[in-house]
Amino acid sequence: MTAQVDELARIALTAARAAAAYIRAARPAGRVAAAQTKSSPTDPVTLIDQAAEKLIRESIGAERPHDGFLGEEGGGTAGSSGVVWVVDPIDGTVNFMYGIGAYAVSIGAEIDGTVEAGCIVNAVTGEEYTAVRGAGAFARTGDGAPARLAAHSPPSLSHALVGTGFNYVVDIRLHQARAVTALLAHVRDIRRNGSAALDLCAVAEGRLDAYVEQGLKPWDLAAGGLIARESGVRLAGLGADPDERLTIAAPEPIAEEFFRLVRTCGF
Ligand code: IPD
């Protein structure tokens, strides 16, 4: 199993690096136009999202032709091996369109429904985040060696810098805005960085203290969830596991208190 998972991790990172390089090279100067919209008129997809996903699908498919694939843009294809690749070619598409430097390629490899390996490559900075279940999470910048991630805990919840995001559907985002208003009284501040995958990496490496969002799709969460967990971050949702209804993440020492607060605030 370990050798197989290590191989999946290698394939994921190769595909994510190639996609990130493509995205960097393909992005024109200025604004990038949406090719179409998805869940609402403000939920965009660009031609570069679609092309990057195709590249990833081909790169992985060349080595793993019998695996399933679930991509944000192209949907799902069943496989026969028990492995499913869960892929967001550009997490942070709105940032990408506007030229705000926080968007990333996210690839998770599931075996029988559990994410076993994942990687996220920041397409602007080239920072790489990787994890294998049970073997830790790592970050690598430039030509440096991968450094093991260990989440940092703030001295108290009132000092926590909390990442969040807002759904593209108006009714849901209004509900989220009310919950965030309640949360603001209890934490240092909030950040809305525009990429759930990078937010989860940020909690893993201590650039954020905690994270809460509703409406995440499997491709927003697959790799980032594993990277966060492997760095010592606890994740939950309405129940024990995060899902589309709720994702909360915090380092172990403040997790219980943060999860209680989030629910009290009405998320
Ligand atoms: C979005 C980003 C954003 C989050 C949204 C996601 P996309 O992903 O992760 O931060 O708030 O819920 O849909 O659409 O840019 O891949």
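Predicted model: local features only at pLDDT ≥ 70, side-chain atom pairs only at ≥ 80, totals over all residues.
Residues are numbered from 1 along each chain as its sequence is written, and side-chain values use heavy atoms, with hydrogens and water left out.

Backbone atoms of the protein also face the ligand's oxygen atoms. A polar backbone atom of Thr93 is 2.7 Å from an oxygen atom of the ligand. For Gly194, the distance from a polar backbone atom to a ligand oxygen is 3.2 Å. A backbone N or O atom of Ile90 likewise lies 3.2 Å from an oxygen atom of the ligand. Of the 370 Å² of accessible area that the ligand has on its own, the protein covers 95%; accessible areas come from the Shrake-Rupley method with a 1.4 Å probe, and for residues only the protein chains shown count as cover.

Now the chain as a whole. It is divided into domain 1 (2–148) and domain 2 (157–265), with bounds from an automatic or database domain assignment. The centres of the two domains, taken over C-alpha atoms, are 21 Å apart. Their contact takes 39 residues from domain 1 and 21 residues from domain 2, where contact means heavy atoms within 4.5 Å.

Helix H1 covers residues 2–26. Helices (H or I, at least four residues) and strands (E, at least two) are DSSP runs, numbered from the N terminus. The expected span of a helix is 1.5 Å times one less than its number of residues. For the 25 residues of H1 this gives 36 Å, and the end C-alpha atoms are 36 Å apart, which agrees. The buried residues of H1 include Val5, Leu8, Ile11, Ala12, Ala15, Ala19 and Ile23; buried means under 20% relative accessible area, exposed over 50%, and partly exposed in between (1.4 Å probe, protein chains only). An α-helix has 3.6 residues a turn, so residues three or four places apart point the same way. The buried residues of H1 pack against helices H2 (47–63) and H3 (93–98), and against strands E5 (83–91), E6 (104–111), E7 (114–122) and E8 (128–132).

Next come two loop residues. Asp112 is found in the loop between E6 and E7, and is exposed because its relative accessible area is 66%. Its phi is near 45 degrees, a positive value in a residue other than glycine. Most residues other than glycine have a negative phi. Glu127 is found in the loop between E7 and E8, and counts as buried because its relative accessible area is 10%. The side chain of Glu127 makes a polar contact with the side chain of Arg207 (3.0 Å). A polar contact is a pair of N or O atoms within 3.5 Å; within protein, one must be able to donate a hydrogen and the other to accept it, and residues adjacent in sequence count only if both atoms are side-chain atoms.

Two helix residues complete the tour. Ala197, in helix H5 (residues 196–205), is buried because its relative accessibility is 0%. Not counting residues up to four places away in sequence, Ala197 touches Asp91, Ser106, Ile120 and Asp220. Thr264, in helix H7 (residues 252–264), is exposed, with a relative accessible area of 68%.
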